[in-house]
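Please look through the structure below with this short briefing at hand.

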Amino acid sequence: MSEHTREDSVYEELGVPPVINAAGTKTRIGGSRIRPEALDDMCRAAGEFVELGDLQARASELIAEVTGAEAGYVTSGAAAGLLLSAAAAIAGTDVALMDRLPNTEGVPDEIVMPRTHRTGYDHALRAAGATIVDVGTNDHHLGTGATNVEPWEIERAITDQTVAVGYVQKTYTQPDLSVVAEIAHGNDVPVIVDAAAEVPPVENLSAFVDAGADMVVFSGGKGIRGPQTTGIVAGRREYVESIAAQHLDMHVAADVWTPPEGLLDRAHFDGVPRQGIGRPMKVGKEELVGLVSALDSFVKEDQQALQEEWSARVDAVVDRLRETGLDVTTTAPEGTSVAPEAVVSLSGVDISARDLVAALRDENPRVYVGADGIGADEIVVNPMCLTDEEADYAVSRILAAIDG
């Protein structure tokens, strides 16, 4: 990177080292780059005021249009979307129960999940007051069986204490979402799908709704390239209504409470919801507008051209690294990443993956590469958040660290 570029960094001005992001859309290093048009719209939104309920109601309509869901909602990130989805499954339109959350003593609160769908992110479900019920095994992952979870195990785990079935969407998760949705709906419970990083492709915005998801959660700050602090819940109207009731500022007298038309039906509530469990996760008018703007651009984007851009960048990285004799492979844009990635094996090299990752992060600017494979002595270069110039810089720093 040029010295001029570094001098222009606002983070440098603050005394904080900036990051060259070769790791992908990781929250801890800022997610993705917000689309310029979304930033422009956020600046315009900052200069005026709006009733947030009205804005959420319009966002709901727009999200419904692109996802095929009955309704949608903008949250403060995907994890907040999971928490609010769990809260909706537990409380529905019961204002008194909303006010109690996360205390669920004496009321149904169980979310059934295949054991291999459990992640650290399901803390968001538990934070709403849900109790997660594990089903199945890890046999397939451990090589001791053909499958991890059988459909009948999910069916048997659903009881009168069950409020939802939880599902993490990946191309390899078992059983198929459509099978799980059929089981859940046969027992009159919804399916909550964590699809935070599953766009692009744009078709996935509707694919999981079509497969039967009642609430599907996407990140707004990854592939959509909206504000990092946004997420989307798309799904059935009744659950979006409950989410809105537990998220929006409802601190008004009952005789002047006019909930946003099309989002909440006052007849469904026997009182004004108090500040709900979602109140600490509020979304500002600027973020709401930025997400809507970015979503509109995302669905219009030439997805093929984007994939070709990523592939060309990865190919250039692979070629340059292979010239030095490194063992480098390219992954397909599926599985854990929606973009192709360069996987660099450090077997036989004088520096371990762990030490290389640490050395790169200790530079200024810091260089972040994918580090999930350090146990196998591998690093990953992801093209999604790099310019061509930054990709060249990242490769040069990787090679410099290897050469010592």
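A residue is called buried under 20% relative accessible area, exposed over 50% and partly exposed in between, with a 1.4 Å probe and protein chains only. By that rule D388 counts as partly exposed, because its relative accessible area is 49%. This is a predicted model, in which local features need pLDDT of at least 70 and side-chain atom pairs count only at pLDDT 80 or more, while totals for chains, interfaces and linings use all residues. Residues are numbered from 1 along each chain as its sequence is written, and side-chain values use heavy atoms, with hydrogens and water left out.

**Salt bridges**

- A salt bridge is a side-chain nitrogen of Lys or Arg within 4 Å of a carboxyl oxygen of Asp or Glu, and by this rule the count comes to 18.
- R313 forms a salt bridge with D388, and the closest N and O atoms are 2.9 Å apart.
- This pair links distant parts of the chain, since R313 lies in helix 14 and D388 in helix 16 (residues 388-403), 75 residues apart; helices (H or I, at least four residues) and strands (E, at least two) are DSSP runs, numbered from the N terminus.
- R313 also meets the side chain of E309 in a salt bridge (3.0 Å, N to O), and both residues lie in helix 14 (residues 303-322), four residues apart, which is about one turn of the helix.
- R313 is buried, with a relative accessible area of 8%, whereas E309 is partly exposed at 40%.

**Strand 5 and its neighbours**

- Strand 5 (residues 162-168) is mostly covered, as seven of its seven residues are buried.
- Two strands pair if DSSP finds at least two bridges between them; three bridges join strand 3 (residues 110-114) to strand 5, and these strands run parallel.
- Four bridges join strand 5 to strand 6 (residues 191-194), also in parallel, and V165 has V191 as its bridge partner in strand 6.

**Aromatic pairs**

- The structure holds two aromatic pairs, where rings of Phe, Tyr and Trp (its six-membered ring) pair if their centres lie within 6.5 Å, and planes under 30 degrees apart count as stacked, over 60 as edge-to-face and the rest as tilted.
- The ring centres of W257 and F269 are 6.1 Å apart and their planes stand at 80°, so this pair is edge-to-face.
- Both W257 and F269 are buried.
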